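Dear colleague,

Please find below the structure that I am handing over to you, with its sequence. My findings follow directly after it.

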Amino acid sequence: MKTNQEMFDELHEFIASLNNNPAELIAILHRAQSIFGYLPMKVQSFIANELGINVSKVYGVVTFYSFFTMVPKGQYVINICLGTACFVRGSGKLLEKCEELLKIKNGETTPDGKFTLTTLRCVGACGLAPVMQINDKTYGNITADDVDAILAEY
């Protein structure tokens, strides 16, 4: 596991590779989130200083886009699609089952830091509705009865 300093060094190198260009803010935030797991104010301030911009601009971008987070997420992030196709085919029941099994609500992380449960409006896989993603793996055409076995994989 990397130290805090090693993570900041990695981020510094990435920003420098982009010539400290403020126009690359979103790419930098994506990299920072992949390095740190989330974007606390300390990281946002670091980015602002590296780019020579006000931290409020960084904060504005972080809070505008839903894929950025200022709170730590679990090792496994569960996204349940609540878009129209998925919802009509039962994704609400998938969410209820996950909440029941993990004993957390949408937007929360389990106390052990293993799972974070979130919802999305559309993942672009309507033909597989309902859809649940865990990190980069997509599960389609599932029911609430499938959730137990899927979570057991993790």
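From the N terminus on, the elements of the chain follow the order α-α-α-α-β-α-α-β-β-β-α, which amounts to seven helices and four strands. Please bear in mind that this is a predicted model. The C-alpha trace spans about 50 × 30 × 25 Å along its principal axes. Of the 154 residues in the chain, 40% are buried. Among the contacts with a separation of 6 or more, 58% are accounted for by residues 24 or more positions apart.

Pockets

The largest pocket has a volume of about 460 Å³. Its lining comprises 19 residues, and F67, K73, V77, N79 and T118 are those that lie nearest the centre. Two strands, β1 (76-81) and β2 (115-120), each supply at least two residues of this lining. Which element provides the largest share of the lining of the largest pocket? That element is β2, with four residues. In terms of residue class, the lining of the largest pocket has 12 polar residues, six nonpolar residues and one charged residue.

The second largest pocket has a volume of about 280 Å³. It is lined by 15 residues, and M7, I35, F36, G37 and Y38 are the closest to its centre. Here the elements that give two or more residues to the lining are the helices α1 (4-17), α2 (25-36) and α3 (41-51). The lining of the second largest pocket divides into nine nonpolar, three polar and three charged residues.

Helix α4

Helix α4 covers residues 55-64, and V58, V61 and V62 are buried in it. These three residues lie on the same side of α4, because they cover an arc of only 100° around the axis. At the start of α4, a side-chain oxygen of N54 comes to within 2.9 Å of the backbone nitrogen of S56.

The loop between α6 and β2

Two residues in the loop between α6 (91-102) and β2 deserve a remark, and T110 is one of them. Is T110 buried or exposed? T110 counts as buried, because its relative accessibility of 8% is under the 20% cut-off. The side chain of T110 makes a polar contact of 2.6 Å with the side chain of D112. Leaving aside residues up to four places away in sequence, T110 touches L102, I104 and F115.

K103 is found in the loop between α6 and β2 as well. With a relative accessible area of 72%, K103 is exposed. Its phi is near 60°, a positive value in a residue other than glycine.

Backbone geometry elsewhere

Most residues other than glycine have a negative phi, and most peptide bonds are trans.

N20 is partly exposed, since its relative accessible area of 30% falls between the cut-offs of 20% and 50%.

The other site is the peptide bond that joins A129 and P130, which is cis, with omega at about -5°. P130 is found in the loop between β2 and β3 (131-134).

Helix α5

Finally, T84 belongs to helix α5, which covers residues 84-88. At 66% relative accessibility, T84 counts as exposed, because this value is over 50%. How far apart are the C-alpha atoms of T84 and A48? They are separated by 38 Å, while the two residues are 36 positions apart along the chain.

With kind regards

Technical notes. Residues numbered from 1 in each chain as written. Predicted model: local features only at pLDDT ≥ 70, side-chain atom pairs only at ≥ 80, totals over all residues. Heavy atoms only, no water. 1 Å grid on protein atoms, 1.4 Å probe; cavity = no way out; pocket = protein on both sides within 12 Å on 5 of 7 lines; lining within 4 Å. Points joined across faces, edges and corners; volume = space filled by probe spheres on them. Nonpolar A, V, L, I, M, F, W, Y, C, P; charged D, E, K, R; others polar. Buried < 20%, exposed > 50% of the residue type's maximum accessible area, 1.4 Å probe, protein only. Arc of directions from axis to C-beta. Polar contact = N/O pair within 3.5 Å; in protein donor to acceptor, adjacent residues only side chain to side chain. Contact = heavy atoms within 4.5 Å.
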